[in-house]
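Please read this short report on aromatic rings alongside the sequence and the model.

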Amino acid sequence: MTSIFWAAVGMFAGTVFAADSITFHKNVEPILQKNCQSCHRPGQIAPMSFLTYQGTRPWAKAMKTAVASRKMPPWFADPKYGHFSNDHAMQQGDIDTIVAWVDSGAREGDAKDAPPPIAWPADGWLIQPDYIVKGPTYDVPAKGVLEWTNVVVPSGLTQDTWITSLEIKPSALAVTHHICVSFIAHNPEVKYGVPVWVDKQRDETGSALPRAQGVKNELPGVPGVAKDERELIGARLNPGGSEGCYVPGQQVTDYRAFHAAKLVPANTDIVFQMHYTTTGTPMTDKPEVGFTIAKEPPQRRYISYNSQPSVGTDSAVFKIPANDGNWQSPPSEIFFNEDVQLVWMMPHMHMRGKDMTYNLEYPTGEKQIVLKVPHYDFNWQLGYYTDVKVPKGSKMTVDAHFDNSPNNKFNPDPNRPVFYGDQTWEEMMAPFFGIVVDMKQDPEKVVTVKGGRGRGGA
Ligand code: HEC
């Protein structure tokens, strides 16, 4: 996800000013343009707009807390590890400026010191898509908590297609919390346009029973899963959002930056995974996904992977005990059978997800942390763009911890064990990642995801 908004604003070096000369227009507005207005403006996901002094002033104290604690803008990578081209962390100097401005009375200053306003893109595409797929229509009610919903639609692509970028475009931004898309092989058992979830048998505490026990009427070829139009589980039917997500400020996945393209095989289906928040006003979202398509044969191939614990996910190995504040999941293990370039990582867990660390071990035995998210927040499905040369013979181990204690304010119920599953009250330990390889390399062979779900799409 290239950060088109944020990159377009340019850079201002953080500077510390004498406190009494700090004003909104001169010192703070440029920082808000660069770091905040992508979300804090009318029609976007943030509940208040920071386009004007009048809109911003009531939030001054909360802003100070939010930036000093680095809660805002949302960015979760530990700065000690890795380098990310879409790094949204604020510069310390900018944080200091906001803090000093608030401490000195949050004054407006002279409007003629204001930077020119940003020309925010109108409600249009950021990429110029060659091909657009309409997603499902989703009616978001005024109130209530909405579960994540998966809907499968046909891609309409009747031949193998190399895409070079992908953009997810909701129509109702104010209620769109996130939308992820993944490609899946067509399965005649899965109906188009029908919201799908996994209907599991539960014990009296509400915990999902181990899959194999709860199943009558099995989905062909997918042991332990019922044949039901609402089912969306199977060898390659992964609704986890491995190709990219729309979260506010990040909606484009662009392989052109790596001179690469991604193969979408003929008749692939697309899963929209949608999560909406209610705002008091009912709204209807009609998300779309747009693609740019390679005009020439691509030189390099982008491949994304879905991963999970290498020992599997059944309840014998993946069970987060009730009230456990720091449960360590069995790791994901990924083996690189050839030289590749690691370009993207997206930790995915649910409400009890606490931290996730991607560790790379080189054939020399040397170890390197390529991404550490010490305080995971399931509200923000952020992808991290990087550029790491991974030699043949390397191994990546991903570790994660979960907090099923009452100290986790998102925890809906600390008093029950939690098992693996797609719903928010269940858990996932799903470190997604993307690599780029040469066209000469065999995409089936370059990487082995042990016990995992393997490649996303193609
Ligand atoms: C990627 C989108 C995004 C960006 C960028 C962003 N915000 Fe937010 N902000 C939100 C959303 C959504 C909420 C409401 C939900 C929440 O609190 O997480 C929010 C809430 C807040 C709040 C409410 C209090 C709180 O802490 O919950 C403050 C204050 C705030 N933002 C300040 C800022 C400032 C200052 C910046 C820039 C330095 C910024 N935000 C950048 C999306 C964003």
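## About the model

This is a predicted model, in which local features need pLDDT of at least 70 and side-chain atom pairs count only at pLDDT 80 or more, while totals for chains, interfaces and linings use all residues. Residues are numbered from 1 along each chain as its sequence is written, and side-chain values use heavy atoms, with hydrogens and water left out.

## Tyr138 and Tyr276

The structure holds 17 aromatic pairs, where rings of Phe, Tyr and Trp (its six-membered ring) pair if their centres lie within 6.5 Å, and planes under 30 degrees apart count as stacked, over 60 as edge-to-face and the rest as tilted. One of these is the tilted pair of Tyr138 and Tyr276, with 4.5 Å from centre to centre and 35° between the planes. This pair links distant parts of the chain, 138 residues apart, since Tyr138 is in strand E2 (residues 138–140) and Tyr276 in strand E9 (residues 269–276); strands are DSSP runs of at least two residues (E), numbered from the N terminus.

Tyr138 is buried, with a relative accessible area of 15%, and Tyr276 is buried at 2%, where buried means under 20% relative accessible area, exposed over 50% and partly exposed in between (1.4 Å probe, protein chains only).

The rings of Trp327 and Phe402 form a tilted pair, with centres 6.1 Å apart and planes at 50°. Trp327 counts as buried at 12% relative accessibility, and Phe402 at 0%. Ring pairs also link Phe318, Trp327, Phe402 and Tyr420 into a cluster.

## A charge over a ring

The charged end of Lys169 sits over the ring of Trp125, 5.3 Å from its centre; this term requires NZ of Lys or CZ of Arg to be within 6 Å of the ring centre and within 35 degrees of the ring normal.

Notes:
Helices (H or I, at least four residues) and strands (E, at least two) are DSSP runs, numbered from the N terminus.
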